[in-house]
Structures are given as structure tokens and as C-alpha cells.
Amino acid sequence: MGTLTLTGVDMFWTDCRFEPASAWETVRPLFEASRDAWRRGDENGALAADEAICAAELVLVPGDGGAPITDFLLRISGETARFRS
């Protein structure tokens, strides 16, 4: 769905630049729903959106050949992303 490029680490979160691939359009609405719900303070809506993202069974595949990461939280907004595992 896209490429994450590390830009920094902030406590438990890893900050990245996000470059979408064509598959991004299939999951973009899930991430927008999560972002929008968190911004308006709708915790129930945000958690439901995050569960939908989890149900999509996305995988983070490290470019250095490390083991794929399947248990994580991922936030994407435009060209920026944050994740924690």
C-alpha cells in the first residue's frame, strides 16, 4: 500500500514519511476515518476505525530484511505516518 521512510522516533512512536502506492486507495478511507474520529474526540468511532484497520491484516515489512511486523498501530495523514509496535 506504500512505503514508510523513517524520519525519527518519539518515545513509543516511530515517525515516517509516507509514499503511497496504488493499493493505498483501497485502505485510505480506513485511515481517514480513524484520523477524523480522533481529531473530533470521538473515541468510540476512532477505536472502531482502528479495529477496521487491524481487520485489514496489513503487514509492515522492514526494508532491512527483518521479520514482518503484524501487531502495530499505524496513523497516516497525508505524507506523514506514525506507527508503534
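Rings of Phe, Tyr and Trp (its six-membered ring) count as a pair if their centres lie within 6.5 Å, with planes under 30 degrees apart called stacked, over 60 edge-to-face and the rest tilted. This is a predicted model, so local features need pLDDT of at least 70 and side-chain atom pairs count only at pLDDT 80 or more, while totals for chains, interfaces and linings use all residues. Residues are numbered from 1 along each chain as its sequence is written, and side-chain values use heavy atoms, with hydrogens and water left out.

Searching the whole structure turns up two aromatic pairs. One of them joins Trp24 and Phe31, whose ring centres sit 5.4 Å apart with 40° between the planes, making the pair tilted. Trp24 and Phe31 are both buried (buried means under 20% relative accessible area, exposed over 50%, and partly exposed in between, with a 1.4 Å probe and protein chains only).

Next comes helix α1 (residues 24–39); helices (H or I, at least four residues) and strands (E, at least two) are DSSP runs, numbered from the N terminus. The expected span of a helix is 1.5 Å times one less than its number of residues. For the 16 residues of α1 that should come to 22 Å, and the end C-alpha atoms are 21 Å apart, which agrees. Trp24, Val27, Phe31, Ser34 and Ala37 are the buried residues listed for α1. The buried residues of α1 pack against β2, α2 and β3, where contact means heavy atoms within 4.5 Å. Just past α1, Gly41 adopts a positive phi of about 80°.

On the strand side, β1 (residues 2–10) and β2 run antiparallel and are joined by eight bridges; two strands pair if DSSP finds at least two bridges between them. Leu4 sits opposite Phe18 of β2.

As for charges, the structure has eight salt bridges (a side-chain nitrogen of Lys or Arg within 4 Å of a carboxyl oxygen of Asp or Glu). One of these ties Asp15 to Arg82, with the closest N and O atoms 2.5 Å apart. That pair links distant parts of the chain, with Asp15 in strand β2 (residues 13–20) and Arg82 in strand β4 (residues 80–84), 67 residues apart. Arg82 is partly exposed, at a relative accessible area of 29%. Asp10, Asp15 and Arg82 are linked in a network of salt bridges.

Another salt bridge brings Arg75 together with Asp50, their closest N and O atoms being 3.0 Å apart. Here too distant parts of the chain are linked: Arg75 belongs to strand β3 (residues 73–77) and Asp50 to helix α2 (residues 43–55), 25 residues apart. Arg75 is partly exposed at 24% relative accessibility, whereas Asp50 is buried at 13%. Asp42 and Arg40 also meet through their side chains in a salt bridge, at 3.4 Å from N to O. Asp42 counts as partly exposed at 27% relative accessibility, and Arg40 counts as exposed at 55%.

Finally, Ala67 lies in the loop between α2 and β3. Ala67 is exposed, with a relative accessible area of 61%. From C-alpha to C-alpha, Ala67 and Pro29 are 27 Å apart in space, and 38 residues separate them in sequence.
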